[in-house]
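Subject: Structure handover

Hello,

My notes on what was found in it follow.

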Amino acid sequence: MLVAAVLVLVLVLVLVQCSGRDGPQREAADSGASTGADPGASVGAGEAPLPDAVTGAPTTATVIVNGVRLEASRDDQGYWHSNIASTGQWQAVDMAVAPSRQTAAVHMYAVQVEQGLPLDVTAVATQISSILNDERGWTGYEDNSFQLVPDPAQAEFTIYVGSAGTVDELCQPDDTQGLVDCRNGDRIALNIDRWLFAAPPYAGQTIDAYRTYLVNHEVGHFIGFGHVPCPGAGQPAPIMLQQTIDLQGCVPAWWPSEVGYD
């Protein structure tokens with residue numbers, strides 16, 4: 001019998017671009033480390049980076065984000081980390097977006113991106129505002145709508161996109177473990193690693209689908225929703241299910257109007 005041995009050495013260049021309870025609330029999961037080979041795949045903007053279709057179980061990857069080279073790593077739970085250092089300095093997004101619907105409660109919010117992240121801040125704010133202004137989201141539910149303002153001092157809440165370490169600080173006293181996101185008072189803190197790489201339960205979905213879930217979930221906390229369980233195996237996941245951690249048998253879903261608001 002002839003046995004063929006094939007040694008594959010691959011380098012991944014994943015092109016990731018941005019299109020798009022009172023007290024701390026977060027999604028938490030354990031993290032760890034393992035070893036393996038680099039994956040070989042390239043994906044375009046709007047596609048899920050490091051997809052399951054890649055052969056094997058890679059634990060490191062060279063990732064190019066908006067021209068910046070990152071040495072990413074995957075922990076033993078399957079979550080990817082950019083390993084970007086915190087700066088603690090912020091860039092406010094100097095743009096305004098009117099609400100898509102005039103309602104009784106128009107929530108003004110600002111968007112800030114930590115300096116040193118390989119993100120286009122205007123693109124980030126544009127994607128977030130398009131999610132919050134979408135009729136499939138919270139806009140129109142119980143007379144809620146959302147207006148992006150350039151001055152954080154005028155905002156009712158601020159959405160921060162930051163490094164893992166900075167998000168951990170924003171979420172204190174809750175422990176986000178350098179992994180997940182939170183709503184803490186008037187702050188919504190989004191971890192850059194989840195923004196870029198999504199989470200294992202969203203394998204096979206687009207990165208834009210995950211970002212839509214992420215924004216809707218944390219803003220859902222802001223307007224008064226707590227966490228809920230999966231209603232049944234195979235059903236669409238409620239927005240307030242901690243989909244970043246475990247779908248509990250549900251399938252991913254990211255628009256509140258399509259799966260039910262509560």
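Disulfides come to two in this predicted model, where a disulfide is a pair of cysteine sulfur atoms within 2.5 Å. A disulfide is a covalent bond between the sulfur atoms of two cysteines.

In one of the two, the sulfur atoms of cysteine 171 and cysteine 182 are 2.0 Å apart. This pair links distant parts of the chain, 11 residues apart: cysteine 171 belongs to helix α2 (residues 164–171) and cysteine 182 to strand β10 (residues 182–184). Helices (H or I, at least four residues) and strands (E, at least two) are DSSP runs, numbered from the N terminus. The angle about the S-S bond is -95 degrees, and the link of cysteine 171 and cysteine 182 is left-handed. Both cysteine 171 and cysteine 182 are buried; buried means under 20% relative accessible area, exposed over 50%, and partly exposed in between (1.4 Å probe, protein chains only).

The other disulfide joins cysteine 230 to cysteine 250, with 2.1 Å between the sulfur atoms. Cysteine 230 and cysteine 250 are 20 residues apart, and both lie in the loop between α4 (207–222) and α5 (256–259). Here the link is right-handed, with 95 degrees about the S-S bond. Cysteine 230 counts as buried because its relative accessibility is 13%, and cysteine 250 counts as buried because its value is 6%. If the bonded cysteines of the chain are numbered in sequence order, the pairing reads 1-2, 3-4.

Before the rest, two notes on how to read the numbers. Residues are numbered from 1 along each chain as its sequence is written. Because the model is predicted, local features need pLDDT of at least 70 and side-chain atom pairs count only at pLDDT 80 or more, while totals for chains, interfaces and linings use all residues, and side-chain values use heavy atoms, with hydrogens and water left out.

Next, the salt bridges. Side chains of opposite charge can pair when their charged atoms come close. The count is four salt bridges, each being a side-chain nitrogen of Lys or Arg within 4 Å of a carboxyl oxygen of Asp or Glu.

- Glutamate 71 is partly exposed, at a relative accessible area of 45%, whereas arginine 69 is exposed, at 52%.
- Glutamate 135 is in the loop between α1 (121–132) and β8 (144–148) and arginine 101 in the loop between β6 (90–92) and β7 (105–114), so the pair ties together parts 34 residues apart in sequence. Glutamate 135 is partly exposed, with a relative accessible area of 38%, and arginine 101 is partly exposed too, with 36%.
- Aspartate 208 counts as partly exposed at 23% relative accessibility, but arginine 211 counts as buried at 0%.

Where do the buried residues of α2 lie around its axis? The residues in question are Ala164, Thr166, Val167, Leu170 and Cys171. They cover an arc of only 160 degrees, which puts them on the same side of α2; the arc is that of the directions from the helix axis to the C-beta atoms. Covering these buried residues are, among others, β6, β7, β9 (157–162), β10, β11 (187–191) and α3 (192–197), with contact meaning heavy atoms within 4.5 Å.

Last, the aromatic rings. A search of the whole structure gives 11 aromatic pairs. Rings of Phe, Tyr and Trp (its six-membered ring) pair if their centres lie within 6.5 Å; planes under 30 degrees apart count as stacked, over 60 as edge-to-face and the rest as tilted. The rings of tyrosine 202 and tyrosine 213 are stacked, because their centres are 5.8 Å apart and their planes are at 25 degrees. Tyrosine 202 lies in the loop between α3 and α4 and tyrosine 213 in helix α4, so this pair ties together parts 11 residues apart in sequence. Both tyrosine 202 and tyrosine 213 are buried. The rings of tyrosine 210 and tyrosine 213 have centres 5.9 Å apart and planes at 50 degrees, so that pair is tilted. Tyrosine 210 and tyrosine 213 sit three residues apart in helix α4, about one turn of the helix. Ring pairs link Tyr202, Tyr210, Tyr213 and Trp254 into a cluster.

Regards
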